[in-house]
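Me: I would like to learn how to read a model of a complex, one feature at a time. Please give the general idea where there is one, then the case at hand.

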Amino acid sequence: MKGRYDVIIVGAGPGGSITAKTCSEGGLDVLLIEKRQEIGDPVRCAEGVGKDALKKHIEPDNKWIASEVKGSMLIAPDGTEIKMSEDASSNMKVGYVLERKIFDRTLAQKAAMAGAEVMVKTRAIGLLRSNGMVTGIKAMYMGETHEIKTDIVIGADGIESKVGRWGGIDTSLKPGDIETGVQFLVSNIDPGEYNKFYLGEKYAPGGYQWIFPKGEHTANVGLGILGSKSGNIRAISLLQRFLEIHMPQAKIVEMVVGGVPVSGPIKQTVTNGLMLVGDAARQSDPLTGGGITNAMDAGKMAGEVCIKAKEKGDYSVKTLKEYEDKWRATIGKELAKSLRVKNLLIKLTDEQLNQLAHSLKDTDSSKMELLSLLLVLFKKNPKLLWELRTLFK
Amino acid sequence: MCYPKLAGEVMGVSVNRYKCGYCGACVGVCPAGALELIETWIEVDNTCTNCGACAKICPVGALELVK
């Protein structure tokens, strides 16, 4: 570790590693720190990801792809199934289920090979400041505190992000802005070839329950419930009940817990000498909970802005704002749409969800993506989905 | 939802480390920034306002308010 870098990135998830790689490839002197001993572990993710969105950043590799699914299946509370995007020859999103432990480490390795210095078991514990600028971090490594200077700090520190708060950006989530989830990696089952999403109060109030096949008779079986609905009921109890009823033969070989930001775009993600990326910037999708490729996209954008800032020698909001404008115009727009759909969905009763599913009886949804499916649903159920009328423009 | 701290009142949350899955969800909802996830445990500092958001959203129910 040196005393000074061009950019310090806090958190070596997909967002942090892509930022580090982008900056390093642009010739910047980069430090990527990870507070855990192992990058990618423990996993806090259902590991599903869109193929095309992923390919923008990395060539798919079987080392970190657990399985490839044919598409998605939505399951209404009464069991009605809606199949989506099954035709692999169309350009529809067909998903991978990742092995995050390997995937995250691979991305960090790519950052390292591009020139970034990587430190694990190194936790940011505060920011250094001077003249209204963030000028470095205080970090703890093996019980000792170090002060490391930099021009730009990237907070890619996930759901539990502190970097933004230290920089004066309030990133705290309300209970209604988080999905709280539990997942088991189960064995001895036949999960089929689709990612399955079970909707309804009985499965997951304000969220959904999922089965993502991971190959070899295994799957990620989990659920997330809206934080505001948690308390008297717990995600873990609901999941245990689901397994008892629907998969009594399942054997649990791993347990995963975690929270997903579903707040939609937050007001501020940059300040003088600081940018937030990924879950730390609350860039995960409020409807699906997906955050991997959004974080990678944002990391690329943030990295490119770091390179520009270095060229200009200006690290103030004036320069860094380009990142904020860019992600809002792309990721932000999608998040805002998803938030509207989520806000409507969580209000629907199981009966109403069933009604929506039944209305697709004569529709071939198999080649549709989510937005086109929503449009069909809207046309068939305008009264129920009236709130979404401006979504399709 | 958050109450001001009263003098002499013992405030905070207790974390059942045998239950906790160290996911950090509680840290994300803490309005005071009083929580921190370090490796496999949660630390609570004295800025906790006893608001209960963390205990409410914990996926496994590992946190309890200490009154």
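Me: How many residues of chain A are in contact with how many residues of chain B?

Reply: The size of an interface is often given as the accessible area lost when the parts come together. Here the count is by residue, in a predicted model: 26 residues of chain A are in contact with 19 residues of chain B.

Me: Which elements of chain A supply the side that touches chain B?

Reply: β12 (178–187), α5 (235–246) and β16 (251–261) of chain A each supply at least two residues. The largest share, 5 residues, comes from β16(A). By class, this side of chain A has 10 nonpolar, 9 polar and 7 charged residues.

Me: What scores does the predictor give the complex?

Reply: The ipTM is 0.93 and the pTM is 0.94. For chain B, pLDDT averages 87, and 84% of the residues score at least 70.

Me: Where in chain B does pLDDT stay under 50?

Reply: Over residues 1–9 of chain B. For that stretch the model has 9 contacts beyond four places in sequence.

Me: Now a hairpin. How many residues lie between β2(B) and β3(B)?

Reply: The hairpin has 2 residues between its strands, and Glu39(B) in the turn has a positive phi of about 45°. The strands β2(B) and β3 (residues 41–44) of chain B run antiparallel and are joined by 4 bridges. In one pairing, Ile38(B) stands opposite Trp41(B).

Me: In what order do the strands of the open sheet in chain A lie?

Reply: The order is β3-β7-β4 in chain A, with antiparallel pairing. The edge strands, β3 (48–50) and β4 (65–68) of chain A, each pair on one side only. Neighbouring strands are turned by 35° against each other on average, direction ignored. Between β4(A) and β7 (residues 95–98) of chain A there are 3 bridges; Glu68(A) has Tyr96(A) as its bridge partner in β7(A).

Me: Why do the buried residues of α8(A) line one face of the helix?

Reply: In α8 (residues 350–358) of chain A, the buried residues are Leu353(A), Leu356(A) and Ala357(A). Seen down the axis of α8(A), they fall within an arc of 100°, so they line one face. What covers them includes β6 (81–84), β13 (194–199) and α9 (370–380) of chain A.

Conventions: Residues numbered from 1 in each chain as written. Chains lettered and ligands numbered in written order. Predicted model: local features only at pLDDT ≥ 70, side-chain atom pairs only at ≥ 80, totals over all residues. Pairing = 2+ DSSP bridges. Axes fitted to C-alpha atoms, helices over the stretch in contact; angles between N-to-C directions. Buried ≥ 20, exposed ≤ 12 C-beta atoms within 10 Å, placed from the backbone. Arc of directions from axis to C-beta. Contact = placed C-beta atoms within 7 Å. pLDDT = per-residue confidence, 0-100. Nonpolar A, V, L, I, M, F, W, Y, C, P; charged D, E, K, R; others polar.
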